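Q: Could you take me through a close look at one part of this model? I would enjoy a connected account.

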Amino acid sequence: QVQLVESGGGLVQAGGSLRLSCTASGSIFSINAMGWYRQAPGKQRELVARIASGASTRYADSVKGRFTISRDNAKNTVYLQMDSLKPEDTAVYYCNADVVTVISSWPYDYWGQGTQVTVSS
């Protein structure tokens, strides 16, 4: 019904920048919040940043001041600009969206397949 496709991951040196994108497609009626989560090896998945449909944002303390989340509602796309990257930011980054489809009357969580971000020291 709904697919989330991420792009923009890769290998970068510490202090560098990357920009992740995630586009939702399918039987979408509306999208509420969108966000990014990450999971490092041996650790639980954690929230990185989240943005509501009204554009209010929330960040993990570890990324405040370095990462910026934004969205383009016309394109059903959410972005994560990551600056001043650190080795501890290395993880698989997952896109998440709270979507109401054309055949359901309540929202459901959808996830992307994940994109690897590796920060070398």
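Q: What is the torsion about the S-S bond of C22 and C95, and is the disulfide left-handed or right-handed?

A: Happy to. This is a predicted model, where local features need pLDDT of at least 70 and side-chain atom pairs count only at pLDDT 80 or more, while totals for chains, interfaces and linings use all residues. Residues are numbered from 1 along each chain as its sequence is written, and side-chain values use heavy atoms, leaving out hydrogens and water.

The torsion about the S-S bond of C22 and C95 is about -80 degrees, so the disulfide is left-handed. A disulfide here is a pair of cysteine sulfur atoms within 2.5 Å; C22 and C95 have an S to S distance of 2.1 Å. Searching the whole structure turns up 1 disulfide. Because C22 sits in strand β3 and C95 in strand β9, the pair ties together parts that are 73 residues apart in sequence. Strands are DSSP runs (E, at least two residues), numbered from the N terminus. C22 is buried, with a relative accessible area of 0%, and C95 is also buried, at 0%. Buried means under 20% relative accessible area (1.4 Å probe, protein chains only).

Now for the core. A nonpolar core is a set of buried Ala, Val, Leu, Ile, Met, Phe, Trp, Tyr and Cys residues joined through side-chain atoms within 4.5 Å. The largest one has 31 residues, and W36, L80, M82 and Y93 touch the most other members. Elements giving two or more residues to this core include β3 (18-26) and β9 (91-101). The most comes from β9, with 5 residues.

Terms used:
Buried < 20%, exposed > 50% of the residue type's maximum accessible area, 1.4 Å probe, protein only. Helix = DSSP H or I, 4+ residues; strand = E, 2+ residues; numbered from the N terminus.
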